[in-house]
Amino acid sequence: MKLHSLVPMLWTNDLDQTVEFYRQMLGFECVNRMEAWALLKKDTIELMLSLPNAHEAFDKIQFTGSFYFRPDDVSQLWQQLKNKVAVVYPLEDFEYGMREFAIRDNNGYILQFGQEI
């Protein structure tokens, strides 16, 4: 068996607002949309968004990790986003050889961005 890709599906209570966050802040394009679901794409990255389904209780986000993006110019992206989003930690060079920053999307999910120094 071969796995071809991993596409996160994030639950949200406000699909329209979440689609707009990813479009406006990160340049994603909404390539498919239904009443309770959307598929976003930017370059080679896909992200699905969905209203909560009837099979699981949903009061707040439940994801305990973060989503790690590797842009080609993390410093430029930081300059574009730093005054428009909730910052988890600012642009920083780490001893393990990465320049990174992290923000929260409109739902509270942590989005990290990193580039090798």
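In this predicted model, Lys41 is found in strand β3. Its relative accessibility is 34%, so Lys41 counts as partly exposed, the category between buried, under 20%, and exposed, over 50%. When residues up to four places away in sequence are not counted, Lys41 touches Phe28, Glu29, Val31 and Glu46. Thr12 lies 29 residues from Lys41 along the chain, and the C-alpha atoms of the two are separated by 17 Å.

Thr12 is, by contrast, one of the residues in contact with Ser50. Ser50 lies in strand β4 and counts as buried because its relative accessibility, 11%, falls under the 20% limit. Apart from neighbours within four places in sequence, the contacts of Ser50 are Met9, Leu10, Trp11, Thr12, Leu15, Ala36 and Trp37.

The strands β5, β8, β7 and β6 form, in that order, an open sheet of four strands with mixed pairing. β5 and β6 (86-93) each have a single partner strand and stand at the edges, so one side of each is left without a neighbour in the sheet. From one strand to the next, the twist averages 15 degrees. Strands of a sheet pair through backbone hydrogen bonds, in either the parallel or the antiparallel sense. For β7 and β8 the pairing is antiparallel, over seven bridges. Within this arrangement, Phe101 stands opposite Phe113 in β8.

Two helices lie across strands of this sheet. Helix α1 lies across β7 and β8 and runs at about 25 degrees to β8. Helix α2 lies across β6, β7 and β8, running at about 25 degrees to β7.

In soluble globular proteins, nonpolar side chains tend to be buried together. The largest nonpolar core here has 25 residues, of which Tyr22, Phe101, Ile103, Leu111 and Phe113 touch the most other members. At least two residues of this core are supplied by each of β1 (9-11), α1 (15-26), β3 (37-42), β4 (45-50), β5 (67-69), α2 (74-81), β7 (98-104) and β8 (110-116). Helix α1 provides the largest share, five residues.

The surroundings of Phe113 include residues from several of these elements. With neighbours within four places in sequence left aside, Phe113 is in contact with Leu26, Phe69, Pro71, Val74, Leu77, Arg99, Glu100, Phe101 and Ile103. Two of these contacts, Phe101 and Ile103, are also among the core residues that touch the most other members.

Note on methods
Residues numbered from 1 in each chain as written. Predicted model: local features only at pLDDT ≥ 70, side-chain atom pairs only at ≥ 80, totals over all residues. Heavy atoms only, no water. Core = buried A, V, L, I, M, F, W, Y, C linked by side-chain atoms within 4.5 Å. Buried < 20%, exposed > 50% of the residue type's maximum accessible area, 1.4 Å probe, protein only. Contact = heavy atoms within 4.5 Å. Pairing = 2+ DSSP bridges. Axes fitted to C-alpha atoms, helices over the stretch in contact; angles between N-to-C directions.
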